[in-house]
Every structure is written in structure tokens, then in C-alpha cells.
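Biologist: I would like to learn how to read a protein model, one feature at a time. Where do we start?

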Amino acid sequence: MKDNNYSDVIEENNSKEEIDLVGLLKLIWESKKIIIATTTIFSIVAVIYSLSLQNIYESKALLSPVDEDIGSSQSAGNISGLANLAGINISNASNSNSLKALKKAQTISFFKDNILPNIFLPDLMAMKRWDASTNTISYDKSFNEKTQTWVPDKKNMSSLGPSSQKSYLQFHRQFNVSKNVNGFVTISVKHKSPHIAKAWAELVVDQINLFFRAKDKLEAQAAMDFLNVQMAQTSYSEINEVIAQLIQKKMEQLTLIEASEFYVFSYLDPPKVMEKKVEPNRSSICILGTILGALLGILIVIIREFLRSKKIW
């Protein structure tokens, strides 16, 4: 008897849910004008907004780490061991420059010392529009094109322009570096101008090579100076022989540093001036705006009916 009553309650609840669903669909159909109006308004706003957005272009460079001379490294390691036995502490351990370059390229010091001096800062911080027909750039009110000076405002009272830290944050919203499982590196830059995107991608690669070339050259030269001093201070022929071999290896390293066009990375595919934009996705914006408009319209209808049922409306 109890089971029959329980099943009757379930059937009654299911029928109420069906009635409520039918009632909801009927309410939506009767209020379709409100929903259509809301959907139309949101669709128009989404279209206008999508058209107001500037095209963003992305230039990519596919890079290969420059191979290190493994045999020479092993030989230098053996000589370094002999030097240690002779009482000269010469460390031969070194990490791959390509691994360090991935991290270095994303640091604020690299941006401040290597990127910022080689770009036109308004292209990063004050660009308003790029004209594809004339390949010209217009800037917003924060930069005076006639006087080529920054205009102070409430947020930035200085006429010197944005700080290096603020510029760094903006640059890294547009810059990306990644390494795939095969060891190849991709550097990409996004910008409203495809020409600037290409130039900045090339700049990053060039500056990485220049930075590590100068660093290794300075270290090799310092090591040679140290070894020459040590040779002049010792009279043992065995030690002098080891030092001479170490100096020879450092001279070979300096020769490779000077001769290599691409010191850390070489191009597998250089950056290009792209014709196709990557952002914004205007069709997705319009579709999303239409969906939000329809959902908002349905929500308005449901809320209005609820207020009516409570005699609040």
C-alpha cells in the first residue's frame, strides 16, 4: 500500500515537472518579442565591438640550437683534469647556452638592456592604429607625434614616458618563447603591425646571440689572461705544458665565437610579415554576443513572470 502511494507521488511530481517545462516553453514563446529584441541588441553591439577591434598579427621564428663541439668539450675536460692535478683550478663545466637563453629572453634585465634601447617605445605603449594601405602608424593621446614627446597624465605624471617595468609587462603580453620535445625553439611576437612583429622577433633572436657571444668572449678572454699569469709565475715544465694546452683551447673558443654568425640559435624558419591576422576572432565574438543576448532575454522573461506571480510587478 505504501509502495503504491510512493509511486503515485513520483508520477505526480514528474507530471508537475512536465507541466512546468511546457509552461516555461509557452512563456518563452509568448515573450519571444522581448527575447528577440534583447538578442538583436546584443548582436548589434557585438558586431560593432568586433569591428572596432584592431587586427593583431603574429610573426614566428623557428630556431635550432647551435650544436656544441662535443669532442672539443671532452678534450678540454681531460685537460682541465690535468690542470687540477697540477694545482690549477680551472672549471670546465658549462650549461648549454640555448637552455639559459630561453630563461634570459623572458627576464626584465634582458628587455631593459637589449630590447628597450632598440625599439621605438611608442610602438609598444602608445600605438593606436596601423594603416595597411600606407604602412603608417598612428598613436594615442599619450604620445605627441609632432614633438615626439610623451604627454603626462594622471596615471603617469612624468614626461619621460612609461617605466621600463611597465613596458616589460606590455611587451611580454605580446611576446612568447617555447621549446618543443625535439629541442626546437619558437619565438613569436604579436603586434598590430605585421612589419613591427617581424622586426621585433628578429631583434630578440639577434640580441640573444649577441648577449651570449659577448658573455662567452669576456669569460674566455679572462681565462686566457689568468692562464698567462699562471704560466709566467711557474717554472715547472709539466705545468706550463698543461697551461699552454688550456690557452690553445681558449684561443680556439674565441675563434669560434668570432666566426659564428649564429652563436646560440640559428634559423630553421625566419620570421615573416604575415598577411593573415591571428586576432580578433570576430565571428566568435558575434556568436557569443548573440548567445548572451538570447540567454539574457530568457532570464528577463523568467524574472518578470516570477515577480508577477508574487504580485510584485
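This is a predicted model: local features need pLDDT of at least 70, side-chain atom pairs count only at pLDDT 80 or more; totals for chains, interfaces and linings use all residues.

Biologist: What does it take for two strands to pair?

Modeller: Strands of a sheet pair through backbone hydrogen bonds, either parallel or antiparallel. Two strands count as paired if DSSP finds at least two bridges between them. Strands (E, at least two residues) and helices (H or I, at least four) are DSSP runs, numbered from the N terminus. Here, strand β1 (residues 57–65) and β8 run antiparallel and are joined by four bridges.

Biologist: In what order do the strands of the open sheet lie?

Modeller: The order is β6-β7-β1-β8, four strands with antiparallel pairing. The edges are β6 (175–179) and β8 (265–269); each has a single partner strand, so one side of each lacks a neighbour in the sheet. On average, neighbouring strands are turned by 30 degrees against each other, direction ignored. Such angles run from 0 to 180 degrees between N-to-C directions, with axes fitted to C-alpha atoms, for helices over the stretch in contact.

Biologist: Which helix packs on the sheet?

Modeller: Contact means heavy atoms within 4.5 Å. Helix α7 (residues 164–174) touches β6 and β7 (185–191), and its direction makes about 55 degrees with that of β6.

Biologist: How should I read the backbone angle phi?

Modeller: Look for positive values in residues other than glycine. Asn135, with phi near 55 degrees, is such a case; Asn135 lies in the loop between β2 (127–131) and β3 (136–139). Gln148 also is not a glycine and has a positive phi of about 55 degrees; its place is the loop between β4 (143–144) and β5 (149–150).

Biologist: Is Asn135 buried, partly exposed or exposed?

Modeller: Buried means under 20% relative accessible area, exposed over 50%, and partly exposed in between (1.4 Å probe, protein chains only). Asn135 is partly exposed at 40%, and Gln148 is partly exposed at 45%.

Biologist: Where is the cis peptide bond?

Modeller: The cis bond joins Glu279 and Pro280, with omega about -10 degrees. Pro280 sits in the loop between β8 and α10.

Conventions
Residues are numbered from 1 along each chain as its sequence is written. Side-chain values use heavy atoms; hydrogens and water are left out.
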